Amino acid sequence: MGGGAAAAPIPRLTAITFLFLLPIVIQSHTPSISVRDFGATGDGKHYDTAAIQSAIDSCRTKPCYVTFPTGTYLTATIFLKSNVILDIPKGSTILGGTKLEDYPKEFDRWYVILAENARDVGITGGGVVDGQGLEFVVKFDERKNVMVSWNQTGACSGDECRPRLVGFLDSTNVRVWNVTFRQPAYWCLHIVRCENTSIHDVSIYGDFNTPNNDGIDIEDSNNTVITRCHIDTGDDAICPKTYTSPLYNLTATNSWIRTKSSAIKLGSASWFELNNLVFDNITIVDSHRGLALQIRDGGNVSDITFSNINISTRYYDPSWWGRAEPIYVTTCPRHSDSSEGSISNLNFVNISAVSENGIFLSGSKGGLLRNLRFININLTYKRWTKYMGGLVDYRPGCQGLVNHSTAGIIMEHIDGLDVENVNMRWFDGRTVQWDNPLDFRPSTVNNISLLNFHSGVYKQGRGSSEQIPLFGSN
C-alpha cells in the first residue's frame with residue numbers, strides 16, 4: 001500500500017494494559033446513578049434497601065453504574081440485574097442486615113447482594129461490603145466460635161443457617177474487582193452456575209475463629225479467573241465444587257491466603273467432574289491445610305496443576321478439618337452408599353512448604369489416584385505449636401480421624417506417581433520421631449518413579465546445622 005512504512009504492531013504489554021484500563025475508560029464515559037438521589041441516607045442506622053433497589057431498577061443504560069457516595073448503607077437483600085455495576089467507592093460501605101426478615105424466605109437466596117440470571121453484572125469501586133459476621137456469634141471461642149443458626153425457620157437444617165455475603169447465580173459475564181468483602185456470616189463470594197467470571201484485586205477479611213466463612217466458592221461454574229486477591233478468613237479460601245454439573249477452566253493466580261482450614265480446596269461437594277484447573281504463584285501462610293482435594297461424592301477430577309506456590313501450614317484445634325498437611329489429595333465415599341470418584345493427571349510443580357505435618361495422598365479401592373507428578377518440591381518439616389500430632393484426617397465421612405505415625409509422604413491406593421527433584425528436610429527436637437520419608441503399602445501403591453529424591457534430618461548446632469542423610473537419591 002503506497003510507499004509509506006507499515007504501521008508498527010501494538011506492543012503486547014500495551015495491549016494488556018489497555019484491557020485492564022478499559023473498564024476505567026468505559027466507566028468515565030458511562031452515566032452513573034447515585035443511591036442518594038433515591039433517598040438513601042448512608043447513616044448506617046436506617047435501612048436504605050428500598051432506595052438502593054430503586055436506583056438499580058431505574059437503570060436503562062448499558063452498563064449502568066449505581067454509585068454510593070461516602071457513607072454506610074444498611075440494607076436487607078438487594079437484587080442486581082443485567083448490565084448493572086455496583087460502584088462502591090473508598091469511604092463507602094454496604095452493611096448487611098442481621099435479622100431473619102432481612103432475607104428472602106428461600107435459604108438459597110440468603111445473600112446481602114444477589115444477582116440471578118443476569119448478564120454483564122458486577123461490583124467494584126474500592127469500598128467495602130460488610131456482612132457483620134461477628135453479630136452472628138453466640139459464643140466467642142479462640143478454638144472455634146459458636147454461631148447463630150436460623151434453622152428454626154425450616155428453610156435449612158443444621159448449624160449453618162446464616163446468610164452469605166455476595167452471590168451470582170446462573171449469570172454470565174460476571175466481574176468483581178477492586179472491592180473489599182468483610183466479615184461474612186457464612187460464605188463470602190459465591191459463584192453458582194455462572195459462565196465467564198473475572199475476580200481480581202479483591203480483598204476478603206473474615207473472622208479467623210468463625211466456621212464456614214469461606215472466601216470464594218466456585219460452584220458448577222465455568223471459565224473463571226481469579227487473580228491478585230488477598231484472602232484472610234477462618235474457613236476454606238478458594239473452593240471449587242460441583243453439585244449439579246461439571247466445573248471446568250478455572251485459573252487462580254498471584255494471590256495471598258491465610259485460613260484455619262484449606263487455602264485451596266477442591267470439594268468436598270463433588271458429584272460431577274472438575275477439569276482443567278490451574279493455580280499459580282500463590283502464597284499460603286499459617287494455614288491448617290495448603291492444597292487440598294477432598295473428593296467424596298463420585299465426581300472425577302483430572303488435569304489440575306499447582307505451580308509456583310509457597311506454603312506454611314500448622315496445627316489448629318482438631319475441630320477444624322485439617323492436620324497441617326501442605327498437600328492433601330483424597331478420594332473416598334462420603335457415606336457407605338456414596339460413589340467413589342477418581343483423581344488423575346495431577347501436577348505439583350515448584351512448590352516450597354514449611355509444615356508441621358507431611359503430605360497425605362489417599363485414594364480408595366474404587367477411586368484410585370492416577371498419574372500424580374511432583375517436580376521441584378522443597379519440604380521442610382518441624383513442629384512449633386503444642387497441638388497433638390500423629391493423626392490422619394479423612395474427614396468429611398470416610399474414616400474420620402485415625403491414629404497414624406507421621407511421615408514425609410503417606411500414600412495409599414495410587415497407580416502412577418512420578419517424583420522428581422524433591423528435597424525433604426527434617427528438623428530435630430520433637431520431629432526426630434518422624435524419620436520416615438515415605439509411608440505406603442506396596443499392595444495399594446503401584447508404578448512409582450523417584451528421581452533425585454533427598455531426605456535428611458537437620459540437627460541444630462551452634463551457628464550451623466548438620467545434615468544426616470536418611471534417604472539417598474535414586
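Reply: Happy to! Let's start with S362, which counts as buried because its relative accessibility is 3%, under the 20% cut-off for that class. Please keep in mind that this is a predicted model. S362 belongs to strand 28, which covers residues 359-362. What does S362 touch, once residues up to four places away in sequence are set aside? Its contacts are V329, T330, T331, L369, Y394 and E412.

Strand 30 supplies the largest share, with 3 residues. By class, the lining of the largest cavity is made up of 7 nonpolar, 6 polar and 2 charged residues.

The second largest cavity holds about 60 Å³ of space. Around it you will find L361, F374, I409, M411, L417, V419, L438, I448, L450 and F453. Strand 32 (409-412), strand 33 (414-427) and strand 35 (445-460) each give two or more residues to that lining, and strand 35 makes the largest contribution, 3 residues. Which classes do the lining residues of the second largest cavity fall into? The lining has 10 nonpolar residues, no polar ones and no charged ones.

One joins C332 to C398, with an S to S distance of 1.8 Å. The torsion about that S-S bond is 85 degrees, and the link is right-handed. This pair ties together distant parts of the chain, 66 residues apart: C332 sits in the loop between strand 26 (325-331) and strand 27 (343-355), and C398 in the loop between strand 30 (391-393) and strand 31 (401-403). The two partners fall into separate burial classes: C332 has 9% relative accessibility and therefore counts as buried, while C398, at 30%, counts as partly exposed.

The other disulfides can be taken in turn. C59 is joined to C64, S to S 2.1 Å, and both cysteines are buried. The torsion about this S-S bond is about -60 degrees, so the disulfide is left-handed. C156 is bonded to C161, with the sulfur atoms 2.0 Å apart, and these two cysteines are buried as well. Counting bonded cysteines along the chain, the pairing pattern is 1-2, 3-4, 5-6. Two further cysteines to note are C229, buried at a relative accessible area of 4%, and C239, buried at 0%.

Now for the largest pocket. About 690 Å³ of space lies in it, and of its 31 lining residues, E160, Y186, W187, N212 and W321 are closest to the centre. Strand 12 (146-147) and strand 22 (262-268) are the elements that give two or more residues to the lining, with strand 22 providing the largest share, 3 residues. The lining residues divide into 12 nonpolar, 8 polar and 11 charged.

Finally, step back to the whole chain. Its secondary structure comes to 2 helices and 36 strands. Of the 474 residues, 56% are buried, and S362, where we began, is in that class. Among contacts between residues at least 6 apart in sequence, 75% join residues at least 24 apart.

Key:
Residues numbered from 1 in each chain as written. Predicted model: local features only at pLDDT ≥ 70, side-chain atom pairs only at ≥ 80, totals over all residues. Heavy atoms only, no water. 1 Å grid on protein atoms, 1.4 Å probe; cavity = no way out; pocket = protein on both sides within 12 Å on 5 of 7 lines; lining within 4 Å. Points joined across faces, edges and corners; volume = space filled by probe spheres on them. Helix = DSSP H or I, 4+ residues; strand = E, 2+ residues; numbered from the N terminus. Nonpolar A, V, L, I, M, F, W, Y, C, P; charged D, E, K, R; others polar. Disulfide = S-S within 2.5 Å. Buried < 20%, exposed > 50% of the residue type's maximum accessible area, 1.4 Å probe, protein only. Contact = heavy atoms within 4.5 Å.
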